[in-house]
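Welcome, and please take a moment to look over the sequence and the model below.

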Amino acid sequence: PISELAGNMSQLEVDDATANAVLAEVLQGQENANDETAKEREERAAKTEARGKALEALRNAQMAARLDAQLQQEKNDVRIRVAIKYYERAAHDFARAIDGGAIREDHLSNTTAAMTAYIDRARALRLQLKEPVFENDGADGEQRRAIFSTLIAATNAPILARGVQTRKLALATDQDWSRFVLLADCADSFMSYIKSLKDQKPPEAILRALQEVLKQMELLAPKLRG
């Protein structure tokens, strides 16, 4: 009974140090409980945000497809740029949705396949720009590397193979803009692959290839700016 417990406690001799220690322990326990509650709230908020990103990705993908279809009737650089933006937004939003756990495991394969199609189409459209502006029309490398990293983590996507193939395409073209676009994609592929290795040492051949790609991009940049 509580009354008996209270009586027993009243008979205990507790000095200040012991009382302070017990109080500290109680307060620490309360802090841990509060931390757990805050963590749970944070996790719920993150999942809600991830689901929101999935919905945004769907809307952006639908908009990109509509804009892309309109290019068949009227193709110009302005329309192409807008379509590129929506394709890349869709891929990035899906990546964030996957990272946040909003995409079910049995839907991962279809989602990552769609993401790959979006970034491939964005690259293809970027290559079609008639008068590209170097400072504005290049891909957002940080965004694309985030997409590649998610693809690797989610389904072990062959991003290294993408980089190797894209490098071959870059070396096969004699157009400066096309080569730069392809080299940038290649560089992002290699960097994302290297990042995925974490504590493992990257293959020397890949490191050398990345250095060569970055050097070629550096040499092309002044030509494209001019």
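## Briefing: spaces, bridges and helices

The largest cavity has a volume of about 70 Å³. A cavity here is a set of points, on a 1 Å grid over the protein atoms alone, where a 1.4 Å probe fits but cannot get out; grid points are joined across faces, edges and corners, and a volume is the space filled by probe spheres set on the points. This is a predicted model, in which local features need pLDDT of at least 70 and side-chain atom pairs count only at pLDDT 80 or more, while totals for chains, interfaces and linings use all residues. Residues are numbered from 1 along each chain as its sequence is written, and side-chain values use heavy atoms, with hydrogens and water left out.

**The cavity and the pocket**

- The structure holds one cavity of 30 Å³ or more.
- Lining the largest cavity are Glu88, Ile119, Ala122, Arg123, Arg126, Ala139, Asp140, Gln143, Arg144 and Ile147, where a lining residue has an atom within 4 Å of a point.
- Helices H4 and H6 each supply at least two residues of that cavity lining, and H4 gives the most, with four residues. Helices (H or I, at least four residues) are DSSP runs, numbered from the N terminus.
- The largest pocket has a volume of about 160 Å³. A pocket is an open set of grid points with protein on both sides within 12 Å along at least five of seven lines.
- Of the 13 residues that line the largest pocket, Ala139, Arg144, Ala184, Asp188 and Met217 lie nearest its centre.
- H6 and H8 are the elements that give two or more residues to the lining of the largest pocket; the largest share, six residues, comes from H8.

- Arginine 126, one of the residues lining the largest cavity, lies in helix H4 (residues 108-127).
- Its relative accessible area is 4%, so arginine 126 is buried. Buried means under 20% relative accessible area, exposed over 50%, and partly exposed in between (1.4 Å probe, protein chains only).
- Not counting residues up to four places away in sequence, arginine 126 touches Ile84, Glu88, Asp137, Gly138, Ala139, Trp177 and Val181; contact means heavy atoms within 4.5 Å.
- With glutamate 88, the side chain of arginine 126 makes a side-chain polar contact at 2.9 Å. A polar contact is a pair of N or O atoms within 3.5 Å; within protein, one must be able to donate a hydrogen and the other to accept it, and residues adjacent in sequence count only if both atoms are side-chain atoms.
- Arginine 126 and alanine 83 are 43 residues apart in sequence and 9.6 Å apart in space, C-alpha to C-alpha.

**Salt bridges**

- How many salt bridges are there? The count comes to 15, taking a salt bridge as a side-chain nitrogen of Lys or Arg within 4 Å of a carboxyl oxygen of Asp or Glu.
- Aspartate 185 forms a salt bridge with arginine 144, with the closest N and O atoms 3.6 Å apart. The pair links distant parts of the chain, since aspartate 185 is in helix H8 and arginine 144 is in helix H6 (residues 141-155), 41 residues apart.
- Both aspartate 185 and arginine 144 are buried.
- Salt bridges with shared partners join Asp120, Arg123, Arg144, Arg145, Arg162, Asp185 and Asp188 into one network.
- Glutamate 74 and arginine 79 form a salt bridge, their closest N and O atoms being 3.5 Å apart. Glutamate 74 is partly exposed at 42% relative accessible area, and arginine 79 is partly exposed at 31%.
- Another salt bridge joins the side chains of arginine 104 and aspartate 106 (2.6 Å, N to O); aspartate 106 is exposed, at 51%.

- Helix H8 (residues 176-196) has 21 residues and reaches 30 Å from its first C-alpha to its last. That is close to the expected 30 Å, which is 1.5 Å times one less than its number of residues.
- Because 16 of its 21 residues are buried, H8 is largely enclosed by the rest of the structure.
- Just after H8, lysine 198 takes a positive phi of about 60°.
- Isoleucine 206 lies in helix H9 (residues 204-225) and counts as buried at 12% relative accessibility.
- Leaving aside neighbours within four places in sequence, isoleucine 206 is in contact with Leu160, Phe190, Tyr193 and Ile194.
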